[in-house]
Amino acid sequence: NKYSQIDYYFTVNAFTAWIGLVIKGFGFVKNTVFWVWDYYPPLNDDKIIMFMRKIYWQFDKISTNSDRLIFLNKRLKELREKTGILKRDKKSSIVPIGTEIKFPHKRQQKNSITLCFIGVLKKSQGLDLVFQNLPKLQKLYPRLRVEIIGSGPDENYFKNLAKNSTAKINFYGFLDENQNKKISTIFSNSSIGIATYLPEKSNVSYYGDPSKIKMYLSFGLPVITTNVFAFSEELKKTKSGVIINYHKKGELVRAINKINHNYSYYRNNAKKLAKKYYYKKLYREMFS
(Lines give C-alpha, C1' and ligand atoms only; values in the text may rest on other atoms or scores of the structure.)
Protein backbone atom coordinates (compact mmCIF):
# COMPACT_ATOMS: atom_id res chain seq x y z
CA ASN A 1 0.00 0.00 0.00
CA LYS A 2 3.11 2.23 -0.10
CA TYR A 3 2.19 3.66 -3.52
CA SER A 4 -1.56 4.01 -2.86
CA GLN A 5 -4.34 1.54 -3.60
CA ILE A 6 -3.65 -1.29 -6.07
CA ASP A 7 -5.89 -1.20 -9.16
CA TYR A 8 -6.13 -4.93 -9.87
CA TYR A 9 -5.57 -8.02 -7.78
CA PHE A 10 -5.32 -10.85 -10.33
CA THR A 11 -5.19 -14.60 -9.70
CA VAL A 12 -6.05 -18.01 -11.19
CA ASN A 13 -6.37 -19.83 -7.86
CA ALA A 14 -9.45 -19.98 -5.61
CA PHE A 15 -7.53 -19.67 -2.33
CA THR A 16 -5.55 -16.63 -3.44
CA ALA A 17 -8.74 -15.18 -4.96
CA TRP A 18 -10.25 -15.38 -1.48
CA ILE A 19 -7.19 -13.56 -0.09
CA GLY A 20 -7.84 -10.86 -2.70
CA LEU A 21 -11.37 -10.36 -1.37
CA VAL A 22 -10.03 -10.12 2.17
CA ILE A 23 -7.43 -7.46 1.39
CA LYS A 24 -9.97 -5.56 -0.69
CA GLY A 25 -12.09 -5.43 2.44
CA PHE A 26 -9.19 -3.65 4.16
CA GLY A 27 -9.02 -1.12 1.33
CA PHE A 28 -5.72 -2.22 -0.21
CA VAL A 29 -7.22 -3.19 -3.59
CA LYS A 30 -9.77 -1.57 -5.90
CA ASN A 31 -10.72 -4.56 -8.09
CA THR A 32 -10.26 -8.32 -7.78
CA VAL A 33 -10.01 -10.45 -10.94
CA PHE A 34 -10.41 -14.23 -10.68
CA TRP A 35 -9.51 -16.17 -13.84
CA VAL A 36 -10.94 -19.64 -13.09
CA TRP A 37 -8.53 -22.25 -14.39
CA ASP A 38 -9.72 -25.48 -12.83
CA TYR A 39 -12.19 -27.66 -11.02
CA TYR A 40 -11.18 -30.50 -8.73
CA PRO A 41 -14.05 -33.01 -8.41
CA PRO A 42 -14.58 -33.53 -4.64
CA LEU A 43 -15.26 -37.26 -5.01
CA ASN A 44 -12.05 -39.30 -5.09
CA ASP A 45 -10.95 -42.79 -4.05
CA ASP A 46 -8.26 -41.24 -1.85
CA LYS A 47 -9.98 -39.88 1.29
CA ILE A 48 -7.24 -37.32 1.97
CA ILE A 49 -7.47 -35.94 -1.58
CA MET A 50 -11.27 -35.83 -1.26
CA PHE A 51 -11.01 -33.93 2.05
CA MET A 52 -8.54 -31.39 0.63
CA ARG A 53 -10.62 -30.83 -2.49
CA LYS A 54 -13.74 -30.18 -0.41
CA ILE A 55 -11.85 -27.54 1.54
CA TYR A 56 -10.58 -25.94 -1.68
CA TRP A 57 -14.14 -25.97 -3.06
CA GLN A 58 -15.27 -23.74 -0.16
CA PHE A 59 -12.79 -21.06 -1.24
CA ASP A 60 -13.99 -21.52 -4.83
CA LYS A 61 -17.57 -20.76 -3.79
CA ILE A 62 -16.61 -17.54 -2.01
CA SER A 63 -14.27 -16.40 -4.78
CA THR A 64 -17.07 -16.22 -7.36
CA ASN A 65 -17.84 -12.89 -5.65
CA SER A 66 -14.72 -11.35 -7.23
CA ASP A 67 -15.30 -8.09 -9.14
CA ARG A 68 -14.32 -9.74 -12.40
CA LEU A 69 -14.96 -13.42 -13.00
CA ILE A 70 -13.41 -15.10 -16.05
CA PHE A 71 -13.52 -18.77 -17.06
CA LEU A 72 -11.16 -20.73 -19.29
CA ASN A 73 -14.06 -22.50 -20.99
CA LYS A 74 -17.81 -23.12 -20.97
CA ARG A 75 -17.46 -26.36 -18.99
CA LEU A 76 -16.13 -24.51 -15.95
CA LYS A 77 -18.86 -21.89 -16.12
CA GLU A 78 -21.74 -24.32 -16.73
CA LEU A 79 -20.56 -26.59 -13.91
CA ARG A 80 -20.76 -23.77 -11.37
CA GLU A 81 -24.16 -22.71 -12.70
CA LYS A 82 -25.46 -26.27 -12.47
CA THR A 83 -24.30 -26.63 -8.85
CA GLY A 84 -25.90 -23.30 -7.95
CA ILE A 85 -22.60 -21.71 -6.92
CA LEU A 86 -22.70 -19.24 -9.78
CA LYS A 87 -25.90 -17.29 -10.32
CA ARG A 88 -26.92 -17.27 -13.97
CA ASP A 89 -27.24 -13.49 -13.95
CA LYS A 90 -23.68 -13.06 -12.62
CA LYS A 91 -21.64 -11.28 -15.26
CA SER A 92 -18.62 -13.28 -16.41
CA SER A 93 -16.40 -13.81 -19.44
CA ILE A 94 -14.70 -16.75 -21.14
CA VAL A 95 -11.02 -16.28 -21.99
CA PRO A 96 -9.00 -19.41 -22.86
CA ILE A 97 -5.24 -19.78 -22.51
CA GLY A 98 -3.52 -17.97 -25.35
CA THR A 99 -0.70 -18.89 -27.70
CA GLU A 100 2.49 -17.16 -28.73
CA ILE A 101 3.71 -16.95 -32.30
CA LYS A 102 6.98 -18.87 -32.74
CA PHE A 103 7.27 -20.78 -36.00
CA PRO A 104 11.01 -21.22 -36.54
CA HIS A 105 11.38 -24.95 -37.00
CA LYS A 106 12.08 -26.58 -40.33
CA ARG A 107 10.54 -29.83 -41.47
CA GLN A 108 12.72 -32.85 -40.86
CA GLN A 109 13.09 -35.75 -43.26
CA LYS A 110 10.08 -38.04 -43.52
CA ASN A 111 11.78 -40.97 -41.83
CA SER A 112 12.95 -38.76 -38.95
CA ILE A 113 10.16 -38.11 -36.46
CA THR A 114 10.68 -36.26 -33.19
CA LEU A 115 7.88 -36.45 -30.65
CA CYS A 116 7.90 -33.87 -27.86
CA PHE A 117 6.14 -33.83 -24.52
CA ILE A 118 6.04 -31.10 -21.90
CA GLY A 119 4.26 -31.33 -18.58
CA VAL A 120 4.07 -33.10 -15.26
CA LEU A 121 5.45 -36.63 -15.43
CA LYS A 122 2.55 -38.64 -14.09
CA LYS A 123 0.61 -41.50 -15.64
CA SER A 124 -2.61 -39.51 -16.10
CA GLN A 125 -0.78 -37.35 -18.67
CA GLY A 126 -0.77 -40.32 -21.06
CA LEU A 127 2.96 -40.61 -21.73
CA ASP A 128 2.66 -44.38 -21.21
CA LEU A 129 1.07 -44.61 -24.64
CA VAL A 130 4.28 -43.42 -26.32
CA PHE A 131 6.41 -46.04 -24.57
CA GLN A 132 3.92 -48.82 -25.39
CA ASN A 133 4.20 -48.01 -29.09
CA LEU A 134 7.96 -47.41 -29.29
CA PRO A 135 8.90 -50.80 -30.84
CA LYS A 136 6.48 -50.34 -33.76
CA LEU A 137 7.38 -46.68 -34.20
CA GLN A 138 11.09 -47.48 -34.35
CA LYS A 139 10.51 -49.96 -37.18
CA LEU A 140 8.65 -47.31 -39.14
CA TYR A 141 10.95 -44.43 -38.17
CA PRO A 142 14.49 -45.69 -37.39
CA ARG A 143 15.64 -42.16 -36.49
CA LEU A 144 12.80 -41.62 -34.03
CA ARG A 145 13.48 -39.27 -31.10
CA VAL A 146 11.39 -38.49 -28.03
CA GLU A 147 11.97 -35.24 -26.14
CA ILE A 148 10.50 -35.04 -22.63
CA ILE A 149 10.43 -31.79 -20.65
CA GLY A 150 9.18 -31.85 -17.08
CA SER A 151 9.37 -33.68 -13.80
CA GLY A 152 6.84 -35.26 -11.49
CA PRO A 153 5.85 -38.18 -9.26
CA ASP A 154 6.28 -40.81 -11.99
CA GLU A 155 9.56 -39.51 -13.42
CA ASN A 156 11.60 -42.56 -12.34
CA TYR A 157 8.88 -44.86 -13.68
CA PHE A 158 9.24 -43.36 -17.16
CA LYS A 159 13.04 -43.29 -16.99
CA ASN A 160 13.01 -47.01 -16.21
CA LEU A 161 10.80 -47.62 -19.25
CA ALA A 162 13.26 -45.64 -21.36
CA LYS A 163 16.15 -47.88 -20.23
CA ASN A 164 14.41 -50.85 -21.85
CA SER A 165 14.16 -49.08 -25.21
CA THR A 166 16.76 -48.51 -27.91
CA ALA A 167 14.99 -45.34 -29.05
CA LYS A 168 16.65 -41.96 -28.52
CA ILE A 169 14.79 -40.58 -25.50
CA ASN A 170 15.91 -37.37 -23.79
CA PHE A 171 14.72 -36.30 -20.33
CA TYR A 172 15.38 -32.61 -19.65
CA GLY A 173 13.66 -32.31 -16.28
CA PHE A 174 11.81 -29.16 -15.30
CA LEU A 175 12.88 -26.11 -17.32
CA ASP A 176 11.83 -22.73 -15.92
CA GLU A 177 11.33 -19.40 -17.71
CA ASN A 178 15.08 -18.71 -17.50
CA GLN A 179 15.59 -21.65 -19.86
CA ASN A 180 13.13 -20.53 -22.53
CA LYS A 181 15.85 -20.60 -25.16
CA LYS A 182 16.45 -24.28 -24.51
CA ILE A 183 12.72 -25.04 -24.63
CA SER A 184 12.46 -23.13 -27.92
CA THR A 185 15.34 -25.14 -29.39
CA ILE A 186 13.73 -28.46 -28.39
CA PHE A 187 10.33 -27.49 -29.78
CA SER A 188 11.81 -26.01 -32.93
CA ASN A 189 13.46 -29.33 -33.73
CA SER A 190 10.37 -31.42 -32.99
CA SER A 191 7.72 -32.73 -35.37
CA ILE A 192 4.62 -33.51 -33.29
CA GLY A 193 3.39 -32.51 -29.83
CA ILE A 194 2.04 -35.27 -27.59
CA ALA A 195 -0.86 -34.64 -25.17
CA THR A 196 -2.47 -38.06 -24.81
CA TYR A 197 -4.25 -37.53 -21.48
CA LEU A 198 -5.73 -40.60 -19.81
CA PRO A 199 -9.55 -40.33 -20.12
CA GLU A 200 -10.53 -40.98 -16.49
CA LYS A 201 -13.33 -39.38 -14.48
CA SER A 202 -10.85 -38.31 -11.80
CA ASN A 203 -8.61 -36.55 -14.33
CA VAL A 204 -8.88 -32.83 -13.48
CA SER A 205 -7.76 -31.98 -17.02
CA TYR A 206 -11.35 -32.55 -18.23
CA TYR A 207 -12.37 -29.11 -16.95
CA GLY A 208 -9.19 -27.24 -17.85
CA ASP A 209 -7.62 -25.71 -20.91
CA PRO A 210 -4.58 -27.44 -22.40
CA SER A 211 -1.63 -25.09 -21.86
CA LYS A 212 0.76 -27.66 -23.32
CA ILE A 213 -1.32 -27.91 -26.51
CA LYS A 214 -1.32 -24.13 -26.83
CA MET A 215 2.45 -24.28 -26.44
CA TYR A 216 2.78 -26.88 -29.20
CA LEU A 217 0.63 -24.75 -31.50
CA SER A 218 2.79 -21.72 -30.71
CA PHE A 219 5.61 -23.51 -32.51
CA GLY A 220 3.40 -24.66 -35.37
CA LEU A 221 3.44 -28.27 -34.17
CA PRO A 222 0.55 -30.56 -35.06
CA VAL A 223 -0.85 -32.23 -31.93
CA ILE A 224 -1.92 -35.74 -31.03
CA THR A 225 -4.32 -35.79 -28.10
CA THR A 226 -7.28 -37.64 -26.58
CA ASN A 227 -10.84 -36.42 -26.26
CA VAL A 228 -10.46 -35.06 -22.72
CA PHE A 229 -10.43 -31.30 -23.20
CA ALA A 230 -13.25 -29.40 -24.85
CA PHE A 231 -10.49 -27.87 -27.00
CA SER A 232 -9.96 -31.26 -28.67
CA GLU A 233 -12.96 -30.53 -30.90
CA GLU A 234 -11.25 -27.36 -32.15
CA LEU A 235 -8.14 -29.35 -33.10
CA LYS A 236 -10.27 -31.89 -34.92
CA LYS A 237 -12.34 -29.27 -36.74
CA THR A 238 -9.33 -27.26 -37.92
CA LYS A 239 -7.20 -30.35 -38.78
CA SER A 240 -4.43 -29.02 -36.54
CA GLY A 241 -3.95 -32.42 -35.02
CA VAL A 242 -5.48 -35.86 -34.55
CA ILE A 243 -7.74 -37.05 -31.73
CA ILE A 244 -7.20 -40.66 -30.72
CA ASN A 245 -8.91 -43.21 -28.52
CA TYR A 246 -6.44 -43.89 -25.71
CA HIS A 247 -7.59 -47.47 -25.24
CA LYS A 248 -7.70 -48.44 -28.92
CA LYS A 249 -4.56 -50.31 -29.90
CA GLY A 250 -2.51 -48.82 -32.73
CA GLU A 251 -4.28 -45.43 -32.80
CA LEU A 252 -1.19 -43.46 -31.80
CA VAL A 253 0.90 -45.00 -34.58
CA ARG A 254 -1.85 -44.38 -37.14
CA ALA A 255 -2.14 -40.76 -35.99
CA ILE A 256 1.61 -40.19 -36.36
CA ASN A 257 1.54 -41.71 -39.85
CA LYS A 258 -1.47 -39.62 -40.81
CA ILE A 259 0.23 -36.37 -39.81
CA ASN A 260 3.59 -37.34 -41.26
CA HIS A 261 2.18 -38.20 -44.69
CA ASN A 262 0.55 -34.77 -44.97
CA TYR A 263 2.79 -32.81 -42.65
CA SER A 264 2.73 -29.40 -44.32
CA TYR A 265 -1.07 -29.39 -44.30
CA TYR A 266 -1.30 -30.15 -40.56
CA ARG A 267 1.51 -27.76 -39.71
CA ASN A 268 -0.08 -24.86 -41.60
CA ASN A 269 -3.38 -25.53 -39.85
CA ALA A 270 -1.59 -25.54 -36.47
CA LYS A 271 -0.11 -22.14 -37.31
CA LYS A 272 -3.52 -20.73 -38.24
CA LEU A 273 -5.01 -21.97 -34.98
CA ALA A 274 -2.12 -20.45 -33.01
CA LYS A 275 -2.82 -17.08 -34.63
CA LYS A 276 -6.52 -17.34 -33.72
CA TYR A 277 -5.65 -17.80 -30.03
CA TYR A 278 -2.77 -15.31 -29.92
CA TYR A 279 -2.65 -14.08 -26.32
CA LYS A 280 -2.36 -10.39 -27.19
CA LYS A 281 -5.78 -10.63 -28.81
CA LEU A 282 -7.42 -12.69 -26.07
CA TYR A 283 -6.11 -11.18 -22.87
CA ARG A 284 -7.33 -7.64 -23.51
CA GLU A 285 -10.77 -8.94 -22.51
CA MET A 286 -9.64 -9.47 -18.91
CA PHE A 287 -9.20 -5.78 -18.17
CA SER A 288 -11.54 -4.18 -20.69
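I began with K239, which lies in the loop between α9 (232–238) and β10 (241–244). Helices (H or I, at least four residues) and strands (E, at least two) are DSSP runs, numbered from the N terminus. I noted a positive phi of about 60 degrees for K239, although K239 is not a glycine. K239 counts as partly exposed because its relative accessibility is 38%; buried means under 20% relative accessible area, exposed over 50%, and partly exposed in between (1.4 Å probe, protein chains only).

Source notes. The model is predicted: local features need pLDDT of at least 70, side-chain atom pairs count only at pLDDT 80 or more, and totals for chains, interfaces and linings use all residues. Residues are numbered from 1 along each chain as its sequence is written, and side-chain values use heavy atoms, with hydrogens and water left out.

Overall figures. I counted 12 helices and 10 strands in the protein. The radius of gyration is 21 Å, which agrees with the value near 19 Å that a compact globule of 288 residues would have. That radius is taken over C-alpha atoms, and the globule rule is 2.2 Å times the number of residues to the power 0.38. Along the principal axes, the C-alpha atoms fill a box of roughly 65 × 40 × 35 Å. Of the 288 residues, 50% are buried. I put the accessible surface at about 15,300 Å², with 53% of it belonging to carbon and sulfur atoms; the areas come from the Shrake-Rupley method with a 1.4 Å probe, and for residues only the protein chains shown count as cover.

Contacts (heavy atoms within 4.5 Å). Among contacts with a separation of 6 or more, 71% are between residues 24 or more positions apart.

Charges. There are 50 positive and 22 negative side chains, and the centres of the two sets lie 8 Å apart. Lys and Arg count as positive and Asp and Glu as negative, while His and the chain ends are not counted. I took the place of a charge as NZ of Lys, CZ of Arg, CG of Asp or CD of Glu.

Open sheet. Four strands run in the order β1-β2-β3-β4, with parallel pairing. β1 (6–11) and β4 (93–94) are at the edges with a single partner strand each, so one side of each has no neighbour in the sheet. Two strands pair if DSSP finds at least two bridges between them. Between β2 (residues 29–36) and β3 (residues 68–71) I found four bridges, and V33 stands opposite R68 in β3.

Strand β8. I looked next at residues 192–195, where I192 and I194 point one way and G193 and A195 the other, all of them buried. In a regular strand the side chains alternate between the two faces of the sheet. β8 runs parallel to β5 (residues 114–118), joined by two bridges, and parallel to β9 (residues 223–226), joined by three. G193 stands opposite C116, and the bridge partner of G193 in β9 is V223.

Y278. This residue is in the loop between α11 (263–276) and α12 (279–282). Y278 is partly exposed, at 24% relative accessible area. Leaving aside neighbours within four places in sequence, I found Y278 in contact with T99, E100 and I101.

Helix α10. Eight of the 11 residues in 251–261 are buried, so I logged the helix as mostly covered. The buried residues include L252, I256 and I259.
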